[in-house]
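Please look through the sequence and the structure shown below before reading the notes that come after them.

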Amino acid sequence: MTRCSWIPKGCSRPKTGTVLVSMLAVMAALTIIFLVALTIAVGVYTRHVKAVNRMTASFLADSGIQRCRLSSPPIPKCDTANCWQTPNGGMVCTRMLPWGPVLLAFSEGTYANQQVTTAAVLGATPPAVFKAAIVVSDPEYPLVVSGTTTITGDVITGPLGITSGRFQGQDIVNEHYHTGNVIALQRPPAPKTDTAVLHQYIRDMQTRRAQCRKRLPASVTFRASEAGLWQEGRSVLVENNAFLDGLQFDRRDSTYSLFADGRVEIGGHTQVLGTIEIISRTTIVLKDSAVVDQALLYADDSIVIGGAVRFSGIAISPHRIVIRDRARLEFPAMLVVDAPSDSCADSCGIFLRTVAPVEASCIVLIEEHSTRIPEPQILIDTNVTISGVLVSQCVVDLRGTLLGSVWTTLFRFYAPPTTYVNWLRNAHVDRPRLTFVPALPILPGDTVASNLHVVWQEEAKP
Amino acid sequence: MKSVKGAESGFTILEVLVAATVFLVGLSLLISLLNTTLGRLGTDDLEAAGALAKSAILTASVGTDAAAVDTVLVCSGKKYHLHRTITTNGRLVGVMVTVQRHKQTRLLVNAYAETAIETH
């Protein structure tokens with residue numbers, strides 16, 4: 001047996017150096033922990049820096065929208081960008097384009113490699129006329145109220161003023177049917193909007209349609225996530241019918257388009273949110289529990305919104321828009337019928353027949369006005385309650401409740417065999433109960449006295 | 001030959017003391033390094049400065065009389081220097097806000113916002 005000479009007899013060789021090695025191992029472990037903690041701390045710091053820079057970029061994007069508010073007609077004819085540097089070293093780029101009867105603005109704020117895009121819809125700031133409950137521009141007829149009609153707010157009419165009438169032998173129920181001032185004018189203001197914006201939008205939309213590269217020849221049903229659909233280019237054209245059943249679309253960083261030569265049906269649990277235009281050459285139908293928010297619908301024939309749909313976008317048709325069943329319109333919903341003439345083959349205009357609450361602006365415009373009492377109308381059915389404004393260059397048939405203002409050429413309702421011109425029966429108008437600034441189309445240049453109004457504004461998801 | 005069972009090995013007190021000292025020195029160095037790094041990063045400062053800047057911009061948008069505001073604010077026990085300048089260009093109001101730790105030069109926030117003057 002070999003023995004080390006210095007080890008005493010009976011003793012084994014000691015295990016030297018173990019403690020130091022153990023300490024070194026512990027130090028190595030602590031160093032790893034420190035490095036992990038440092039990495040986490042740096043990561044947290046970086047996130048905070050990004051958050052502050054993103055907040056700064058967000059303020060810049062909002063500034064772009066504010067500059068867009070200063071625009072006044074003539075409206076932008078093409079989608080051109082306008083960029084400028086800011087005093088804090090950032091950059092803002094904006095672009096505006098017609099979006100139905102209003103303007104759509106995109107603003108990109110960039111600061112220290114953080115970019116925020118904000119989309120906004122700009123409409124007219126409501127002029128003073130909307131402070132009144134009722135404005136009737138035709139000076140030839142008095143405004144006649146009957147039944148249970150009540151009016152709260154000012155009334156602007158022609159020189160014949162307002163009076164109560166007997167309907168089918170019945171006097172008006174409430175003698176004090178009006179609370180407010182009556183302003184009788186020789187020439188009350190007539191409702192008008194700047195249709196140049198709407199017509200420019202239609203031309204641009206048709207150009208986008210002609211330039212659309214992604215074409216699907218047959219009828220298509222869009223069910224799943226939309227991610228793949230709009231990856232190549234921002235527009236899709238279906239050369240037949242299009243069915244959206246469960247599609248989930250949510251984008252606000254640019255405009256997107258879905259064109260259909262046939263019918264478009266949006267149903268199921270489809271959610272269409274953001275700056276997308278859905279165009280049909282025939283009819284668009286919304287049904288079931290679909291949700292459409294901020295999108296624009298345009299149909300050459302008609303738009304029908306029914307079921308339990310929630311709609312808060314813009315619907316435009318030259319013929320007819322119908323809201324029925326339990327469909328719910330929410331601010332800032334806007335319905336626009338731009339009728340080519342004042343005669344209809346069948347009923348034309350906007351028809352509200354839903355039992356759910358409605359928050360909307362209803363606009364009926366007419367291109368050529370030749371008859372005394374044009375056919376296109378806004379019909380607010382019995383038991384319908386609408387918060388918002390009604391603007392009609394034709395007639396309004398108000399049978400329900402309006403919490404807001406109505407600006408029309410004439411009222412009308414039909415009780416066979418008689419047409420009652422400029423009559424209100426069992427209608428209720430209450431201006432003070434309008435609690436929000438309504439969305440309005442761009443007004444003609446000579447009536448613009450205020451900045452454009454931001455109807456809605458939202459940041460695009462990163 | 002008989003095998004001899006050896007006695008249990010041990011560590012001298014000196015070895016233990018040296019090892020413990022090395023451990024404590026190393027640990028304290030690591031902790032102080034971590035604290036210094038976190039302090040220099042100033043994550044809390046960024047959060048506070050962001051909130052102050054946002055408040056200053058939103059307040060200016062509502063409407064204030066002073067064209068420039070230079071003030072020291074206290075947030076979570078720390079002092080921050082906030083400088084706000086308001087400029088008017090036609091129908092636009094521009095608000096420039098910088099925030100830094102009191103008596104320090106590094107800018108924590110350098111924000112700018114514009115708002116349109118309402119016309120009636």
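The briefing below goes through the nonpolar core, a helix, salt bridges, backbone geometry and a surface patch.

This is a predicted model, in which local features need pLDDT of at least 70 and side-chain atom pairs count only at pLDDT 80 or more, while totals for chains, interfaces and linings use all residues. Residues are numbered from 1 along each chain as its sequence is written, chains are lettered from A and ligands numbered from 1 in the order in which they are written, and side-chain values use heavy atoms, with hydrogens and water left out.

**Nonpolar cores**

- A nonpolar core is a set of buried Ala, Val, Leu, Ile, Met, Phe, Trp, Tyr and Cys residues joined through side-chain atoms within 4.5 Å, where buried means under 20% relative accessible area, exposed means over 50%, and partly exposed covers the range in between (1.4 Å probe, protein chains only).
- The largest nonpolar core has 68 residues, and those that touch the most other members are Ile134(A), Ile278(A), Phe311(A), Leu335(A) and Leu352(A).
- A second, separate core of 38 residues includes Ala119(A), Ile156(A), Phe259(A) and Leu443(A).
- Taking contact as heavy atoms within 4.5 Å, and leaving out residues up to four places away in sequence, Ile134(A) touches several residues, among them Leu143(A), Ile151(A), Val406(A) and Phe411(A).

- Helices (H or I, at least four residues) and strands (E, at least two) are DSSP runs, numbered from the N terminus.
- Helix H2 of chain A has 16 residues (195-210), which at 1.5 Å a residue should span 22 Å, and this agrees with its end C-alpha atoms being 23 Å apart; the expected span is 1.5 Å times one less than the number of residues.
- The buried residues of H2(A) include Val197(A), Leu198(A), Tyr201(A), Ile202(A), Met205(A) and Arg209(A).
- A salt bridge, meaning a side-chain nitrogen of Lys or Arg within 4 Å of a carboxyl oxygen of Asp or Glu, is formed by Arg209(A) with Asp261(A), whose closest N and O atoms are 2.2 Å apart.
- This pair links distant parts of the chain, 52 residues apart, with Arg209(A) in helix H2 and Asp261(A) in the loop between strand S16 (248-260) and strand S17 (264-267) of chain A.
- Arg209(A) counts as buried because its relative accessibility is 15%, whereas Asp261(A), at 24%, counts as partly exposed.

**Other salt bridges**

- The count comes to 21 salt bridges over all chains.
- In one of them, Lys461(A) pairs with Asp250(A), the closest N and O atoms being 2.9 Å apart.
- Lys461(A) lies in the segment after strand S33 (453-459) of chain A and Asp250(A) in strand S16 of chain A, so the pair ties together parts that are 211 residues apart in sequence.
- Lys461(A) is exposed, at 60% relative accessibility, while Asp250(A) is partly exposed, at 25%.
- Asp397(A) forms a salt bridge with Arg399(A), with the closest N and O atoms 2.9 Å apart; Asp397(A) is buried at 4% relative accessibility, and Arg399(A) is partly exposed at 30%.
- Salt bridges that share partners join Asp250(A), Arg252(A), Glu458(A) and Lys461(A) into one network.

**Backbone geometry**

- Most residues other than glycine have a negative phi, and most peptide bonds are trans.
- A cis peptide bond joins Phe331(A) and Pro332(A), with omega about 5 degrees, and Pro332(A) is found in strand S24 (residues 328-341) of chain A.
- Another cis peptide bond, with omega about 0 degrees, joins Pro416(A) and Pro417(A), and Pro417(A) lies in the loop between strand S29 (401-415) and strand S30 (418-421) of chain A.
- Gln168(A), although not a glycine, has a positive phi of about 50 degrees, and this residue counts as exposed at 58% relative accessibility.
- Asp288(A), also not a glycine, has a positive phi of about 55 degrees, and is partly exposed with a relative accessible area of 40%.

**A nonpolar surface patch**

- Leu20(A), Ile13(B), Leu14(B), Leu17(B), Val18(B) and Val22(B) make a nonpolar surface patch of about 580 Å², with accessible areas coming from the Shrake-Rupley method with a 1.4 Å probe, where for residues only the protein chains shown count as cover.
- Patches are made of residues with over 30% relative accessible area and no salt bridge, with like charges joined within 9 Å and nonpolar side chains (Val, Leu, Ile, Met, Phe, Trp, Tyr) within 5 Å.
- Helix H1 (residues 13-41) of chain B gives the largest share of the patch, five residues, while Leu20(A) is found in helix H1 (residues 18-69) of chain A.
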